[in-house]
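Dear colleague,

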Amino acid sequence: MTKSKNIISALIFIFAIIFIFASAMHSMEEPLERDLTSYGYIGHALLSGEHLYTELWDHKPPGIHITFAMSELIWGYGQQSLTFLWVIVTILSTLLIYLILDKISGWQSGLIGVSFWVLSSNSAYLQANQPNTEIFLNLFTLVAIWALVQTPMPRFKHLHLAGWAMGIATMFKPVAVFVLVPMLFYILLQIYQSQENRNIKTYFQQSLAILYPVPLLWCSMFAYALLLGRFQEYWDILIVYNGQYSGNFLMNIWGFFSRPTYLFSQSLYGIWILVLLGYAWLFIGSRSKKMQTPHYFFILMTLGVLFEIGSIGRNYPHYNQTLFPMLTINSSLLIINIFKELKVNRVWRLLLGSALISVALGTMINHQVEFFKLSPVELSHEKYGDQFIDAWEMGLEIKAMTNPDESIYYWGSESGVYYYSQRRAASGIFYNLPLKEKKNKKVSELMSRLLADLEKAPPAVFIWNSKEGNIEKNRLYEFVSEDYHLLGNRSYFQIYVRNLQ
């Protein structure tokens, strides 16, 4: 049995790693969406000595920018850096899926989970084949889950590990706290059900062990900003702006759960079978007698992820990527439960379990066939339309007509113009999203800062996106009309070149 287990496990893991690399290589040249090119551009600018939030405007916490900067140090400034980063994180997450399921119910469920994970975690419908912030949330959430399932009553070292994992996750996206809270409830329930150490001191100590990393990390970050005299910029962007951007998180969560279309978003189409199996486990998993982890753990964690998605108040497909871990774990446990515990004749158990796993693998393999049929450019078109393809082409054109030491400025939200041209933006407010955000109360201040930056260091080329309106009605028009002439139009891009001095 041990020999066959090792052979089967080795074959599935080899398949998983080969598939992950094949998937990454297939989409390496895909024109990237704005989040990824923004992180890539900011990571490069950080390595060049610019300062986050003080000079470089973005409203995400620093975890994603630091990660992209580190990735560039290893693999260089370009799309290959993002691709290999995705590969590393996906392989680590795959290993964690196996370790979690192996601990909960055995190696068979672990291998089912590995198969489900690699066939779903690159879902094009969920924009998951590239390293947006959600893959890091998933990685650290899986680390925390692994720590919590090691023993029926989590030990302090496991609580510390889970707390630090989720603390780091909040440095990528603060909404990770909505997954941390169910973890805390799980620990408190475990203490309550225990016959030993059921006292206030134990509740407090174990709660503190998993909670302290979040305030410690955030307070350390703001203390660092304070020491450098940059506290106000950090506060205005990470706290004030993000609060305005997301709005009332309680109302957001209520709106999310009151709309079934959010729970069963169209973006989940490629993994619909995991959605059905994963949610089904929440209702029937309590009948299992062989799981090493209480059933309410899976309910709490799944609800935590749903709260995490709903709290943002916006329904972008990539937000739903954070469902991957719990859907994979829940679906795998349901399948193994049918094989091992369903109270019917053994033959019927095998038939039903085999049928379900065949349908699940079949639908996901079909999804992958469709994925590999599309070229990288077609992938971008299917996911986002043509806006990021246009930005990619515009960036390459600007790269050809400018020198590496020249700066440019683009009025629009597609930061790929900078990323693909590999030219520095003339202002740290390098895309116009914060200037268009209706809830942002500092639009006028940011616009004045942008104008000051452009006047201080005029870019060699200014690109205007005509989809953003008429340039003559914008505050930038006076600056552009005084010192630039229209070189020409490329689609909806108006390209202005600085007059010779």
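Below is what was found, from the overall fold down to single residues.

Please bear in mind throughout that this is a predicted model. The protein chain contains 23 helices and 5 strands, and its C-alpha trace spans about 85 × 55 × 40 Å along the principal axes. For 501 residues a compact globule would have a radius of gyration near 23 Å, and the 25 Å of the protein chain agrees with that. Of these 501 residues, 56% count as buried. Among the contacts between residues at least 6 apart in sequence, 72% join residues that are at least 24 apart.

Helix H14 has 13 residues and reaches 19 Å from its first C-alpha to its last, which is close to the 18 Å expected at 1.5 Å a residue. Its buried residues are Ile273, Leu274, Val275, Leu277, Gly278, Tyr279, Trp281 and Leu282, and the buried residues of H14 pack against helices H5, H13, H15, H16 and H17. Buried positions in H19 include Phe388, Ile389, Asp390 and Ala391, together with Met394, Gly395 and Ile398.

Phe264 lies in the loop between H13 and H14 whereas Tyr279 belongs to H14 itself, so the pair ties together parts that are 15 residues apart in sequence. As for the two partners, Phe264 is partly exposed, at a relative accessible area of 46%, while Tyr279 is buried, at 12%. Elsewhere, Tyr41, Trp57, Tyr241, Tyr245, Tyr418, Phe430 and Tyr431 form one aromatic cluster. The ring of Tyr245 also has the charged end of Arg314 sitting over it, 3.7 Å from the ring centre. In a further arrangement of this kind, Lys467 lies over the face of Tyr492, at 4.1 Å from the centre of the ring.

Three further residues may be worth a look for their surroundings. Ser27 is placed in the loop between helices H1 and H2, and with a relative accessible area of 4% it is buried. Its side chain is joined to that of Asn129 by a polar contact of 3.3 Å. Setting aside residues up to four places away in sequence, Ser27 touches Gln79, Asn129, Gln130, Phe371 and Leu379.

Val149 likewise lies in a loop, the one between helices H6 and H7, and counts as buried at 4% relative accessibility. Leu99 is 50 residues from Val149 in sequence, yet the two C-alpha atoms are 9.9 Å apart in space. With residues up to four places away left out, the residues that Val149 touches are Ile100, Lys103, Ile104, Thr293 and Phe297.

Ser207, by contrast, is part of a helix, H9, which runs over residues 200-211, and at 13% relative accessibility Ser207 counts as buried. A polar atom of the Ser207 side chain lies 2.7 Å from the backbone oxygen of Tyr203. Apart from neighbours within four places in sequence, Ser207 is in contact with Leu184 and Leu188.

Most residues other than glycine have a negative phi. Gln127, however, has a phi near 55°, which is a positive value in a residue other than glycine. Gln127 is found in the loop between H5 and H6 and is buried, with a relative accessible area of 10%. Ser491 too has a positive phi, near 55°. This residue, Ser491, is found in the loop between strands E4 and E5 and is exposed, its relative accessible area being 56%.

Definitions and conventions. Residues numbered from 1 in each chain as written. Predicted model: local features only at pLDDT ≥ 70, side-chain atom pairs only at ≥ 80, totals over all residues. Heavy atoms only, no water. Helix = DSSP H or I, 4+ residues; strand = E, 2+ residues; numbered from the N terminus. Buried < 20%, exposed > 50% of the residue type's maximum accessible area, 1.4 Å probe, protein only. Phe/Tyr/Trp six-rings, centres within 6.5 Å; stacked < 30°, edge-to-face > 60°. Lys NZ or Arg CZ within 6 Å of the ring centre and 35° of its normal. Polar contact = N/O pair within 3.5 Å; in protein donor to acceptor, adjacent residues only side chain to side chain. Contact = heavy atoms within 4.5 Å. Rg over C-alpha atoms; globule rule 2.2 N^0.38 Å. Expected span 1.5 Å × (residues − 1).
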